[in-house]
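Please read this briefing alongside the sequence and the model. It begins with the fold as a whole and then turns to a pair of helices and to a loop.

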Amino acid sequence: MRAPQPEPPIPGSFATPSLLAWIVNGKYVMSLPLYRIETDLKACGATISRQDMANWMMNVHARWLAKVHERMKVELLSHVRIHADETTVQVLKEPNREAKKKSRMWLFCSARCNVPVYVFEYHETRRKGVAQEFLVCVQLVVAGLVTMIFRV
């Protein structure tokens, strides 16, 4: 007699929770590109395409990590000081966008404090509206006036 198999974390996929955790760790903690993870898995006898892994990562984000991202953003917006910076990234197969166009990865982080928070967000441009939209909830009350603060 066998116990029933638990539901997979991604319906219709053979990815187990531990495999997904291993790929997330490799990609986002160890900064390994998916082709290197694919090679490592192949060396262990597992043939898993980087396209499958990329789809799994998007699925993991949509199901679980988007909630963590939003909670981190709420925490960050509760801080008195927030730093923002952006750097260029190249996205090769972005819909309706040439591969040679540069996009931006924005970092919003807390100033030195007991609870450091780092939030990354992808945007196509470096326009100041990106920071303004992120910081829309940050307000300073001075002499009864509500003023938005931006240092972009």
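Among contacts in the protein between residues at least 6 apart in sequence, what percentage join residues at least 24 apart? The share is 41%, where contact means heavy atoms within 4.5 Å. This is a predicted model, in which local features need pLDDT of at least 70 and side-chain atom pairs count only at pLDDT 80 or more, while totals for chains, interfaces and linings use all residues. Residues are numbered from 1 along each chain as its sequence is written, and side-chain values use heavy atoms, with hydrogens and water left out.

**Overall architecture**

- The protein has 4 helices and 5 strands, taken as DSSP runs numbered from the N terminus (helices are H or I, at least four residues; strands are E, at least two).
- Read from the N terminus, the order of the elements is α-α-α-β-β-β-α-β-β.
- Of its 152 residues, 27% count as buried (under 20% relative accessible area, with exposed over 50% and partly exposed in between, using a 1.4 Å probe and protein chains only).

**Helix 1 against helix 2**

- The axes of helix 1 (residues 17–29) and helix 2 (residues 34–43) come within 10 Å and cross at roughly 135 degrees, the axes being lines fitted to C-alpha atoms over the stretch in contact and the angles running from 0 to 180 degrees between N-to-C directions.
- That angle makes helix 1 oblique to helix 2 (under 35 degrees is roughly parallel, over 145 roughly antiparallel, 65 to 115 roughly perpendicular, and the rest oblique).
- On the helix 1 side the contact is made by L19, W22, I23, G26 and K27, and on the helix 2 side by L34, I37, D40 and L41.
- By class, the residues of this contact divide into 6 nonpolar, 1 polar and 2 charged (Ala, Val, Leu, Ile, Met, Phe, Trp, Tyr, Cys and Pro are nonpolar, Asp, Glu, Lys and Arg charged, and the others, Gly among them, polar).

**The two sides of helix 2**

- L34, I37 and L41 of helix 2 are buried, and, seen down the helix axis, the buried residues fall within an arc of 55 degrees, so they line one face of the helix.
- What covers these buried residues includes helix 1 and helix 3 (50–77), whereas K42 and A43, on the other side of helix 2, are exposed.
- Just after helix 2, G45 takes a positive phi of about 95 degrees.

- L92 lies in the loop between strand 1 (82–90) and strand 2 (102–110), and at 59% relative accessibility L92 counts as exposed.
- The C-alpha atoms of L92 and K102, which are 10 residues apart along the chain, are separated by 9.7 Å.

Notes
Arc of directions from axis to C-beta.
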